[in-house]
Amino acid sequence: MRFIKTLVMLLGTVLLSGLVALGIAFGIASLGLLGACAEGACEYAALFLAFPVLWIGLLLGTAVVYGMRRRKARDQ
């Protein structure tokens, strides 16, 4: 049961952070911060540049918070 809970939390974290990163990346693109949108160039920049960086950052941030919470629970 513990393995299933960990697996569900991991998959949920990956999916949720991916969706959030995708939303932020396309939000940045719609503001024009990734260059001109001629022929969809800003969408390509959002998908292949901003999205992976944001996704990795969100996953690392979540892992750090989860690790701190586990350490705190283990120490009590």
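Biologist: What should I know about the numbering and the model before reading it?

Modeller: Residues are numbered from 1 along each chain as its sequence is written, and side-chain values use heavy atoms, with hydrogens and water left out. The model is predicted: local features need pLDDT of at least 70, side-chain atom pairs count only at pLDDT 80 or more, and totals for chains, interfaces and linings use all residues.

Biologist: How many helices and strands does the protein have?

Modeller: Helices (H or I, at least four residues) and strands (E, at least two) are DSSP runs, numbered from the N terminus. Here there are two helices and zero strands. The radius of gyration is 17 Å, well over the 11 Å that the globule rule gives for 76 residues, so the protein is more spread out than a compact globule. That radius is taken over C-alpha atoms, and the rule is 2.2 Å times the number of residues to the power 0.38. Along its principal axes, the C-alpha trace spans about 55 × 25 × 15 Å.

Biologist: What percentage of the residues is buried?

Modeller: Buried means under 20% relative accessible area, exposed over 50%, and partly exposed in between (1.4 Å probe, protein chains only). Buried residues make up 14% of the 76 in this protein.

Biologist: Is Thr-13 exposed or partly exposed?

Modeller: Thr-13, in helix H1, counts as partly exposed because its relative accessibility is 25%. Its C-alpha atom is separated by 25 Å from that of Ser-30, 17 residues apart along the chain.

Biologist: Which residues form the positive patch?

Modeller: Patches are made of residues with over 30% relative accessible area and no salt bridge, with like charges joined within 9 Å and nonpolar side chains (Val, Leu, Ile, Met, Phe, Trp, Tyr) within 5 Å. A salt bridge is a side-chain nitrogen of Lys or Arg within 4 Å of a carboxyl oxygen of Asp or Glu. The positive patch on the surface gathers Arg-2, Lys-5, Arg-70, Arg-71 and Arg-74. Helix H1 (2-30) and helix H2 (41-75) each supply at least two of its residues, and the largest share, three residues, comes from H2. Arg-70 is found in H2 and is partly exposed, with a relative accessible area of 45%.

Biologist: Which residues form the nonpolar patch?

Modeller: Phe-3, Ile-4, Leu-7, Val-8, Leu-10 and Leu-11 form it, with about 620 Å² of accessible area together. Leu-11 is found in helix H1.

Definitions and conventions
Accessible areas come from the Shrake-Rupley method with a 1.4 Å probe; for residues, only the protein chains shown count as cover. Lys and Arg count as positive and Asp and Glu as negative; His and the chain ends are not counted. The place of a charge is taken as NZ of Lys, CZ of Arg, CG of Asp or CD of Glu.
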